[in-house]
Amino acid sequence: MNVSIVGSGYVGTTVAACFADLGHEVVNVDIDEDVVDAINGGEAPIHEAGLSERIAAHGGDRLRATTDYGAVRETDVTFLALPTPSNADGSIDLSIMQAGAESLGTALADKDGDHLVVVKSTVVPGSTEEEIGPRIEAGGDLTAGEDFDIAMNPEFLREGTAVEDFLNPDKVVFGANNERAYATIQTVYEPLIEAADGGVPVVETGVREAEMIKYANNAFLAAKVSLINDIGNVCKEFGVDAYEVAEAIGLDDRIGEQFLRSGVGFGGSCFPKDVSAIVAAAHDAGYTPQMLEAALTVNDLQPERLLDLLDGHADVAGERVAVLGLSFKPGTDDVRNSRAIPVIEGLRERGAEVVAYDPVATEEMREHFPDIAYADSGADALKGAHGAVVVTDWDEFAALDSEFDAMDEPVVVDGRRVVERRDDITYEGLTW
């Protein structure tokens, strides 16, 4: 099929490259000319495992990019993969989606034949039908259900494994209100469903249900992370290894072993934003979701607990402290809501001289903290340091060994259970 995708961020670029890999003709629409040029030149605009080779193979050919919304007229279906950032109160900001929807409507006004618009971005229930659809209608004097159909297809992509998650998903969710929309989106996904190992569960539901499934999915996982962190904090108080506890309870198939690695908390573009958004939406509807609010509270407190452990061993005022890991998780250069941000802020409040290192996310973090020092390796960050904190579980940090000997004061507080405990350093695990 001919597929257009509006937005070339983590989701839009990954989905575009994967659809091209499955045999579709794909065009990305984005306002950033540098991103457009990169894709057409076969270069990935973001760091994501498996993405570079797919864009290199299809960029400028089966996959192309443009700043012209008119390109959607040559396609059968358009996916809206635009940002939905948080407002100050945690609710989602739909302004970018609304502007994109209007521009899409204007372009579709001159198209003959059917067209399906699929919302890929995460939006609270009611947004697709009450906010986005009407903006498309207004942009081109169109009527939903007649001039175009609209559907919801939430994404469940984890940064660092997004390509693999797309090509071998746990499920795909189609939210629509008529059979024509279902049929079109099923045709788009047919090559993926046929190619995926062991088949793919397909959930056909309503638009609002599809919107809510994404929030429920992320809220449940975020709450699980905060619960094991809370349990881990209790374990630490009693001198109990939370990882041994987690290994045992993970054998219970009602609990499962995933998301039981306690530590400094979750970050990224999804969990913090999505949980905050559904909490804000619930409050607007007159309900207080206490469990979800608690999940956010526990997550916000973990970086400070990490620093409290460091305080117990060292006065860092005027001293060099190494921060190992800046991206919110390994395998990505994304620093959005990274736990390294509050950790660095806390160290600076204590008067520490921060030197930070990450394998791929240094330049991204430099935009947040342009005036701290950045090292070229973990070993360089540790040289002369009065203390070190591990914030991201990159594999290379586990290989650090003799490098700790170069520290001025070998105090290591590990927020991810990456560093091996050894006799010649003062080692603290956050929950063990």
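How many residues does helix α8 have, and how far does the helix reach from its first C-alpha to its last? The legends below describe a predicted model.

**View 1. Helix α8 and the glycine that follows.** Helix α8 covers residues 207-237 and has 31 residues. From its first C-alpha to its last, the helix reaches 46 Å. At 1.5 Å a residue, 45 Å would be expected, and the computed span is close to that value. Gly239 follows α8 and has a positive phi, near 70°.

**View 2. Thr14 in helix α1.** Helix α1 spans residues 10-21, and Thr14 lies in this helix. Thr14 has 0% relative accessibility and therefore counts as buried, since buried means under 20%. A polar atom of the Thr14 side chain lies 2.7 Å from the backbone oxygen of Tyr10. Leaving aside residues up to four places away in sequence, Thr14 touches Gly9, Glu48, Leu51, Leu157, Ala162 and Val163.

View 3. Asn337 is not a glycine, yet its phi is positive, near 60°. The residue counts as partly exposed because its relative accessibility is 36%.

**View 4. Arg417 in the loop between β13 and β14.** Arg417 sits in the loop between strands β13 (411-414) and β14 (426-429). Its phi is near 55°, a positive value in a residue other than glycine. With 31% relative accessibility, Arg417 counts as partly exposed, because that class lies between the 20% limit for buried and the 50% limit for exposed.

Key:
Residues numbered from 1 in each chain as written. Predicted model: local features only at pLDDT ≥ 70, side-chain atom pairs only at ≥ 80, totals over all residues. Heavy atoms only, no water. Helix = DSSP H or I, 4+ residues; strand = E, 2+ residues; numbered from the N terminus. Expected span 1.5 Å × (residues − 1). Buried < 20%, exposed > 50% of the residue type's maximum accessible area, 1.4 Å probe, protein only. Polar contact = N/O pair within 3.5 Å; in protein donor to acceptor, adjacent residues only side chain to side chain. Contact = heavy atoms within 4.5 Å.
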